[in-house]
Amino acid sequence: MIENELIAQITRAVLDGDPEVATDTTHKALEAGIDPLRILNEGLMAGSDEVGKRFESGEYFLPELMLAGRALKAAMEILNPSLAGKIQTAESQGSLRVVIATIQTDIHDIGKNIVASMLTAAGYDVTDLGVDVPLKTILDKAAEGGARVIALSALLTTSMPYMKDLINLLEVRGLRQKYIVLVGGASVTEGWARDIGSDGTARNAAQAVTLVRELLKS
Amino acid sequence: MSDYLEILERSNTGEYITEENWDLEKVVATSRRLVKKYGLQWDRNQVVSDDPSLADAIYQAGYEMAVELGVYCRSTERIIPIKQDEIDAGITNTPQALVMGEGKDARTLYARKLGDERPPLFFGGPPGNPIPQHQLLPNIISYVQEPLIDLATCGTLTEVDGFAVRTGHPMEIVATRLECQIMHAALNKVGRPGMGMLGAQSSVSELGNLAATQPRYLRPCDSHLIPLLNELKIDNRNFSRVVNSLDYGMINASLPCVIVGGLGGGPPGSAVVNVASFLVANVVCRAGYHLLHPIHVRYVSTSTRDVLWVTSIVGQAFARNAPSIIVADIYPKSGTGTKELLYETAANAIVNVVSASHLEGCGSADGSLPNCSGLEARLMAEVALASHRSKMSLREANLWALKLLPLYEHVFTQGAGNPGLPFDQVYDLSSVQPLDFWYEMYVEVKAELQEMGLLL
């Protein structure tokens, strides 16, 4: 009974975007001897799934999404040591790492922020490099962090060619197969994403999370 | 200039804060607190509110936000504080009338009042829609040949002579200059060479913009964009645009594209952020006029209920409390060759004109495709003028919005949107006239609007 209450409180903390309560209740749950996997799946992930649904339905807005991401990240710092060795090998940990950026010369970030928040809320280890990020920085950070996914955003049609440049750079460096490269933005179409040799695009943040999941499975 | 340089210097000396903390601890927290403090709410069936106390409360909350937060410089990661007397001076000094263009084609934009007896003005063009090079001239002509259009804007070039245009690259200079030359060619072609322009749409960084500030491209009587970034942010690129145009003497149009459902939260918080954005834009963008262009966090378009509510209440808030020249950007979800585009255009035109804005449009198909033409701009102006002539009240405008919304709201949940057809499939490029099916669609919708009671 107490266990169920603690799990429910963790879920609620994510829904409320409250990092303090999220860390506090995660501590308490671990002290109460609750299986860390249950805390992760039934507490934190249940909360993040619900946040995603509420955002898609229009009940939640960007702030709720960003704050939920903060709460989840804070709780994961408490939980991670207990999860070590329980669910992921070093290799699969790496597969959860995503580097995301708005490509060089473009300064629009809301779409990128939403996708980053949704991926974080879905449990991915997301490194958000910000906006107007040079290609070299994206490649360096992806290599340093052992990322499996590079997610690129551009709103401007005149910044989109730099996405193609990044893929070309990966190819000439012999690194293309190392990464899943996703592209997104208001003007990015499926056809264009295919033509430049990316691994795909999504119409919205929820679909982006699904796409990442599917591509990492395959 | 020196007072502006003093503000610019604050971007080097202001309080340091990470961008994430600016977003969450400043913008989100302040928006939430002010929405609660003023008890701000919206009603999905009151797209056009006729409650003056609500417009005043939105204004007051936005004013508090502007004074409290100032603006964030993304380049230096510092807060630029703006003193209350500077915000007040911005309100006092904002132009009440502004001449754009020259000679017989000049027009005077003015700060509209609610129920203003003077007719609104119309910018014709698809601001920012990507247009193929060979279609740009006829596309601009399709707008500026319309007698009701007063001022010109245009789409952007994404290729020049088969070479991709890249932001921050020499090609941006080439594209921006070419765009301006084509705009002048279009104005000459229709015999309106002095028409005022909102140009350099192909310039995203400062490169193209600076390269176009010469009379051959943009004249001092023209205007260009000074965007504020989401939310309440600016950077050195845009500061460069401002200092350049202050010296050159060109008109600055502020463009804060507040995201409804973004950092401001729901519609009331987003309206507060939009008010604050215009107030800080008086100071940091040195805006001659403001472009009212909130966008929907999921659907982009300005035609949704919540975005229409924001545009209306922000227009009213300024008309009542700080009269300013405001031009509402119309960005329909739908593209040319669809009836929904025309319904969306009509709804936007009515809502914004009764709420004291001038109009610019249309960025059809969310401004992301070349699916736009002068015919919807004709309807935009006709509907706006019909609303103006009939002295339409806020309450009546709300009833119109509620009648029009069900005719197009389904497009927002259609997976692929409602893009319609590109310009060259709805217009004859030689004669620059709409093809029969597109013209007949326009006639049908116009007849429907007349049957519904609009005095077109």
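The paragraphs below go through a helix pair, a loop residue and a chain interface in a predicted model. Local features here need pLDDT of at least 70 and side-chain atom pairs count only at pLDDT 80 or more, while totals for chains, interfaces and linings use all residues. Residues are numbered from 1 along each chain as its sequence is written, and chains are lettered from A in the order in which they are written, with ligands numbered from 1.

In chain A, the axes of helix α2 (residues 19-31) and helix α4 (residues 62-83) come within 7 Å and cross at roughly 25°, where helices are DSSP runs of H or I with at least four residues, strands are E runs of at least two, and both are numbered from the N terminus. That angle makes α2(A) roughly parallel to α4(A), a term for angles under 35 degrees. Across this pair, A:P19, A:A22, A:T23, A:T26, A:H27 and A:L30 of α2(A) meet residues of α4(A) that include A:R70, A:A74 and A:I78.

A:V131 lies in the loop between β2 (125-128) and α7 (135-144) of chain A. A:V131 is buried because 21 other C-beta atoms lie within 10 Å, the cut-off being 20 or more, with C-beta atoms placed from the backbone. Its C-alpha atom is separated by 6.5 Å from that of A:D106, 25 residues apart along the chain.

Turning to the interface, 19 residues of chain A are in contact with 28 residues of chain B, contact meaning that C-beta atoms, placed from the backbone, lie within 7 Å. On the side of chain A that touches chain B, α4(A) provides the largest share, four residues.

Notes: Buried ≥ 20, exposed ≤ 12 C-beta atoms within 10 Å, placed from the backbone. Axes fitted to C-alpha atoms, helices over the stretch in contact; angles between N-to-C directions. Parallel < 35°, antiparallel > 145°, perpendicular 65-115°, else oblique. Contact = placed C-beta atoms within 7 Å.
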